[in-house]
Amino acid sequence: MIQDILWRAANKLRGSVDAAQYKEFVLGLVFLKYVSDTAGSVFRVPANARWEHLAAHTGGRVGALLDAAMDAIMRENPSLAGVLPRIFDRDNVDQDRLRELVGVIGDARFTGDARDVLGEVYEYFLERFARAEGKRAGEFYTPASVVTLLVEMLRPDHGRVYDPCCGSGGMFVQAGRRSPITVVGQEANERTWRLAKMNLAIHGIDPRGLGDRWADTFTDDRHPDLRADFILANPPFNMSDWPRREDDPRWRHGLPPRGNANYAWLQHIIAKLGPRGGAGVVLANGSMSSRLAGEGDIRRAIVEDDLVECMVALPPNLFRTTAIPACVWFLSRDKGRRKGQVLFIDARGLGTMTGRTERVLTDADIQRVAGTFHAWRDPGIKTKRGYEDTPGFSYAANLDEIRSRDHVLSPGRYVGAAGAGDDPAAEPPPDRIARLTKELQACLDESRRREDVLRDRLRDLT
């Protein structure tokens with residue numbers, strides 16, 4: 001498998017390259033191979049940046065050739081200005097290993113469409129880097145099955161698709177596979193922003209939608225007048241250190257607390273929705289029920305504005321970057337026939353363990369959740385069965401029912417008896433221990449967060 005061959009070759013650089021820049025080295029080379037193979041059809045590529053030229057001149061200091069090639073491509077293609085890495089000609093880079101990696105990539109047999117094959121390689125590497133980096137991977141990678149779920153639920157098939165914290169651009173790549181779209185987004189981390197721009201370009205998506213520089217969404221909103229057709233987002237969970245401005249016009253439903261940005265992200269996203277826009281937002285489970293520091297009042301206001309369309313509780317162990325249990329909020333400004341209703345789906349029993357601590361949603365799982373949503377959302381669509389509440393899995397509630405539960409949005413409060421997938425006896429003991437350990441860690445994290453919030457409030461009173 002070409003991906004495995006390239007990964008083994010790339011690992012030879014590990015140890016001779018700053019860990020924080022390792023992704024840029026490897027993915028930068030993959031991108032360079034892509035633009036060389038597609039020269040003329042996608043990007044303008046001068047002779048000194050062609051792969052055959054580089055391979056023929058590796059006898060000297062190959063890093064200098066690579067940096068010069070990156071410079072040449074950026075000069076010829078304004079949409080890539082400031083994006084490609086120029087980090088190869090450095091004293092701490094093992095030039096012999098770099099030369100070997102260039103040779104392996106050059107000798108690889110890319111069959112079929114170069115864009116498709118190299119795009120798959122790029123995604124494969126992003127996923128492998130996420131595995132290798134653990135918790136640090138959260139800033140640039142959302143598990144593929146979670147992204148697929150969001151895309152299948154929202155079905156972004158036209159207009160502008162927005163992500164205010166786009167990481168390496170995975171949401172855009174999956175959305176772009178359905179239909180031609182215009183992507184708009186931003187990313188606060190410089191290196192991650194560069195990866196995203198390359199990822200979009202390698203998949204044939206215009207990277208200019210990510211702007212000409214990286215920027216924090218809260219302090220430097222690069223799209224102040226945007227009204228998006230679709231929004232896909234996986235913001236940092238329970239972000240406690242965020243720049244809050246009390247007079248920010250985005251806080252239409254209430255001032256989010258200093259100690260947690262969950263409701264800042266939600267309100268920012270709501271502010272960006274067009275008149276018929278829909279959004280899917282991955283957040284920590286606490287966002288569905290917290291009443292701390294005014295969060296319950298903000299949630300009540302959002303629900304009473306009839307913006308919440310569907311809530312999905314995700315299974316544990318999907319995110320290797322955090323132990324915090326997660327959910328997805330689906331928001332809409334146009335709920336059609338479902339005005340005044342919210343669909344609750346408890347998907348905690350779904351997913352397949354691929355190791356002792358990691359779970360993925362299968363295609364069947366994704367289709368079950370998305371199919372349930374669409375059968376409820378659009379009763380006129382052709383399905384084998386129309387929508388029906390399923391005890392332990394799904395329930396359609398009206399606003400009066402939600403009010404009676406104090407606007408708590410946890411699906412488990414609505415769907416009734418748990419299904420067989422939540423039966424502890426059906427879960428192997430090692431998996432149950434791993435799951436419970438993660439849940440305990442999440443509880444401890446939440447306890448520390450609440451303690452920080454209380455400390456902030458006490459400081460405000462003194």
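Among contacts (heavy atoms within 4.5 Å) in the protein chain between residues at least 6 apart in sequence, 71% join residues at least 24 apart. The model is a predicted one, in which local features need pLDDT of at least 70 and side-chain atom pairs count only at pLDDT 80 or more, whereas totals for chains, interfaces and linings use all residues. Residues are numbered from 1 along each chain as its sequence is written, and side-chain values use heavy atoms, with hydrogens and water left out.

The protein chain contains 14 helices and 10 strands, these being DSSP runs numbered from the N terminus (helices H or I, at least four residues; strands E, at least two). Of the 462 residues in the protein chain, 54% are buried, where buried means under 20% relative accessible area, exposed over 50%, and partly exposed in between (1.4 Å probe, protein chains only).

In soluble globular proteins, nonpolar side chains tend to be buried together. A nonpolar core is taken here as a set of buried Ala, Val, Leu, Ile, Met, Phe, Trp, Tyr and Cys residues joined through side-chain atoms within 4.5 Å. The largest such core has 96 residues, and those with the most contacts inside it are Phe-31, Leu-32, Leu-66, Phe-125, Met-153, Val-312 and Val-369. Helix α2, which spans residues 22-37, gives the most to this core, with 10 residues. A second, separate core holds 39 residues, including Val-184, Ala-261, Tyr-263 and Leu-307. When neighbours within four places in sequence are left aside, Leu-32 is in contact with Ala-49, Trp-51, Leu-54, Leu-66, Ala-69, Met-70 and Ile-73.

Glu-152 lies in helix α7 and counts as buried because its relative accessibility is 18%. The side chain of Glu-152 makes a polar contact with the side chain of Arg-178 at 3.3 Å; a polar contact is a pair of N or O atoms within 3.5 Å, of which, within protein, one must be able to donate a hydrogen and the other to accept it, and residues adjacent in sequence count only if both atoms are side-chain atoms.

Most residues other than glycine have a negative phi. Arg-155, in the loop between α7 (144-154) and β1 (160-163), has a positive phi near 50°, and counts as partly exposed because its relative accessibility is 36%. Ala-293, in the loop between β4 (273-284) and α11 (295-304), likewise has a positive phi, near 55°, and with 24% relative accessibility Ala-293 counts as partly exposed.
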